[in-house]
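This briefing goes through one structure by topic.

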Amino acid sequence: QVQLVESGGGLVQAGGSLRLSCAASGLTFSNYAMGWFRQAPGKERELEAAISWSGGRIYLTDSVKGRFTITRDNAKNTVYLQMNSLKSEDTAVYYCAAVARPHVWSGSSFGRSDFGSWGQGTQVTVSS
């Protein structure tokens, strides 16, 4: 059974930074692309960042490009989201997710249905 556990969320002032972590178990982590989604109140859950199984390919949406960095450590079965220059509009619940099939990469074409396992989410609140 796949388990994804996020940590690192919290309250931060605008312009500040946070680092989210997602620890994975129950899968051969190094075979799966991973993503970070976020869901703001009243809005759809949307993919903001993804990283391929080796870390060699990365996708970031325009709204976070230049501010957020996604990385992974396959030895620790963990994926990270470093968030800098945070804005109030970054306030959301952030979810870690694993692509449903191994060695699949779709980059900007990834949809929510491509991901088969989800974490419980971690709240990020940015105060202005």
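Two strands count as paired if DSSP finds at least two bridges between them. In this predicted model, Arg-72 has Val-79 in S8 as its bridge partner. The strands concerned, S7 and S8, are antiparallel and are joined by six bridges. They belong to an open sheet of four strands, ordered S1-S3-S8-S7 with antiparallel pairing.

**The four-stranded sheet**

- The edges of the sheet are strand S1 (3–7) and S7; each has a single partner strand, so one side of each is left without a neighbour in the sheet.
- From one strand to the next, the twist averages 15 degrees.
- S3 and S8 run antiparallel and are also joined by six bridges.
- Within that pairing, Ala-23 has Thr-78 in S8 as its bridge partner.
- S7 has two faces: Phe-68, Ile-70 and Arg-72 lie on the covered one, while Thr-69, Thr-71 and Asp-73 lie on the uncovered one.
- The hairpin of S7 and S8 has four residues between the strands, and Asn-77 in this hairpin takes a positive phi near 55 degrees.

**Ala-24 in strand S3**

- Ala-24 is a residue of strand S3.
- The relative accessible area of Ala-24 is 9%, so this residue is buried, the cut-off being under 20%.
- Leaving out residues up to four places away in sequence, Ala-24 touches Gln-3, Leu-4, Phe-29 and Asn-77.
- Val-5 and Ala-24 are 19 residues apart in sequence, with a C-alpha to C-alpha distance of 6.6 Å.

**Nonpolar cores**

- The largest nonpolar core contains 28 residues, and those with the most contacts inside it are Met-34, Trp-36, Ile-70, Val-79, Leu-81, Met-83 and Tyr-94.
- Two or more residues of this core come from each of strand S3 (18–25), strand S4 (34–39), strand S5 (46–51), strand S7 (68–73), strand S8 (78–83), strand S9 (92–99) and strand S11 (122–127).
- Another core, of eleven residues, lies apart from the largest one; Ala-33, Leu-47, Tyr-95 and Val-99 are among its members.
- Which residues does Tyr-94 touch, not counting residues up to four places away in sequence? They are Glu-6, Leu-20, Trp-36, Phe-37, Arg-38, Phe-68, Leu-81, Met-83, Gly-121, Thr-122 and Val-124.

**Aromatic pairs and charges over rings**

- The structure has five aromatic pairs.
- One of the pairs joins Phe-37 and Trp-118, which are tilted, at 4.7 Å centre to centre and 55 degrees between the planes.
- This pair links distant parts of the chain, since Phe-37 is in strand S4 and Trp-118 is in strand S10 (residues 115–118), 81 residues apart.
- Phe-37 is at 2% relative accessibility and therefore counts as buried, whereas Trp-118, with a relative accessible area of 26%, is partly exposed.
- Phe-110 and Phe-115 also form a tilted pair, because their ring centres are 5.2 Å apart and their planes stand at 55 degrees.
- Both residues of that pair, Phe-110 and Phe-115, are buried.
- One aromatic cluster is formed by Phe-37, Trp-105, Phe-110, Phe-115 and Trp-118.
- Arg-112 lies over the face of Trp-118, at 5.6 Å from the ring centre.
- Arg-45 lies over the face of Tyr-95, at 3.5 Å from the ring centre.

**Loops and positive phi**

- Most residues other than glycine have a negative phi.
- Ser-85 is not a glycine, yet its phi is positive, at about 50 degrees.
- Ser-85 is placed in the loop between S8 and S9 and, at 42% relative accessibility, counts as partly exposed.
- Glu-89 is also found in the loop between S8 and S9.
- Its relative accessible area is 53%, so Glu-89 is exposed, the cut-off being over 50%.
- Glu-89 and Ala-14 are 75 residues apart in sequence, and their C-alpha atoms are 9.6 Å apart in space.
- His-103, in the loop between S9 and S10, has a positive phi near 55 degrees.
- With a relative accessible area of 44%, His-103 is partly exposed.

Definitions and conventions: Residues numbered from 1 in each chain as written. Predicted model: local features only at pLDDT ≥ 70, side-chain atom pairs only at ≥ 80, totals over all residues. Heavy atoms only, no water. Core = buried A, V, L, I, M, F, W, Y, C linked by side-chain atoms within 4.5 Å. Buried < 20%, exposed > 50% of the residue type's maximum accessible area, 1.4 Å probe, protein only. Contact = heavy atoms within 4.5 Å. Phe/Tyr/Trp six-rings, centres within 6.5 Å; stacked < 30°, edge-to-face > 60°. Lys NZ or Arg CZ within 6 Å of the ring centre and 35° of its normal. Axes fitted to C-alpha atoms, helices over the stretch in contact; angles between N-to-C directions.
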